[in-house]
Amino acid sequence: RITKIGRSFSRTYDYDAVGPQTKSVRCPEGEIQKRKETIHTIALHEIDVINSRTQGFLALFSGDTGEIKNEVREQINKKVVEWREENKADVVPGVLFIDEVHMLDLECFSFLNRAIESDLSPILVIATNKGHEYIRGTQIKSPHGIPIDLLDRSLIIRTKPYSSKDIEDILRIRAQEESVEMEADAFGILTLLAGKTSLRYAMQLISTGNILRERRRGEKVSPVDLKRAYSLFMDHKRSEKFLNDYQKHFIND
């Protein structure tokens, strides 16, 4: 920060007209002091590793993290709280995403319940496609296979089935990510197949249809390629029907 307090004595004669409010002062002497603020972004785990190993900062590069004692974590947490109170640090919470959360057992859910109570805990995002399910390892039935106390602390996002427009947009994004050029009619057929079978199966037909397009040396994936791929590879519904029709021809225990 620079503050003007007056005009130097040595420069007084450089000006013919000087107002009465102008103040002449001596030039400051000595070294110029500079204050520089540096912001470092570091994870709490990295601070734990640095303070739990004898080699300190080098432990991050050696990969020798090992197990970190609870005493070290508690000391680091107290220090971080002090830094926050002194405005020396800001804590930016991370995001922990757990898919298929119904696969966790009761002990894991208990750990998550205790972990999210901490001020330094990350934002927890969990996902599942289960309805009323038994909690893993117990005979307790709960919505989505998640304990009620954890559900009570959660904000549940309402979902709804995809519309035809949503499915087509998803398929277009998938084709773009796989660098596959498709005709406009091909997306319409894929959308119908996704509604009839599943969205995952329709996505798989993009790559298989592209292989068939390369074999016939075409420029874009056409509906003919998708129909050929559909006839070669079955979805789970047709596979289940095939097993039921020819069950007696298979070897069963």
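Entry one, burial. I looked up two tyrosines and found that tyrosine 201 is buried, as is tyrosine 230. The model is a predicted one.

Entry two, aromatic pairs. How many aromatic pairs does a search of the whole structure find? I got 2. Tyrosine 201 and tyrosine 230 make an edge-to-face pair, with 6.3 Å centre to centre and 70° between the planes. This pair links distant parts of the chain. I placed tyrosine 201 in helix α8, residues 199–215, and tyrosine 230 in helix α9, 29 residues apart.

I then turned to phenylalanine 242 and tyrosine 246. Their ring centres are 4.9 Å apart and their planes stand at 40°, so I logged the pair as tilted. Phenylalanine 242 is partly exposed, at 37% relative accessibility. Tyrosine 246 is partly exposed too, with a relative accessible area of 42%.

Which ring does the charged end of arginine 238 sit over? I found the ring of tyrosine 230, with the charged end 3.8 Å from its centre. I also noted arginine 172, whose charged end sits over the ring of phenylalanine 187, 4.2 Å from the ring centre.

I found leucine 232 in helix α9, which covers residues 223–232.

Terms used: Residues numbered from 1 in each chain as written. Predicted model: local features only at pLDDT ≥ 70, side-chain atom pairs only at ≥ 80, totals over all residues. Heavy atoms only, no water. Helix = DSSP H or I, 4+ residues; strand = E, 2+ residues; numbered from the N terminus. Phe/Tyr/Trp six-rings, centres within 6.5 Å; stacked < 30°, edge-to-face > 60°. Buried < 20%, exposed > 50% of the residue type's maximum accessible area, 1.4 Å probe, protein only. Lys NZ or Arg CZ within 6 Å of the ring centre and 35° of its normal.
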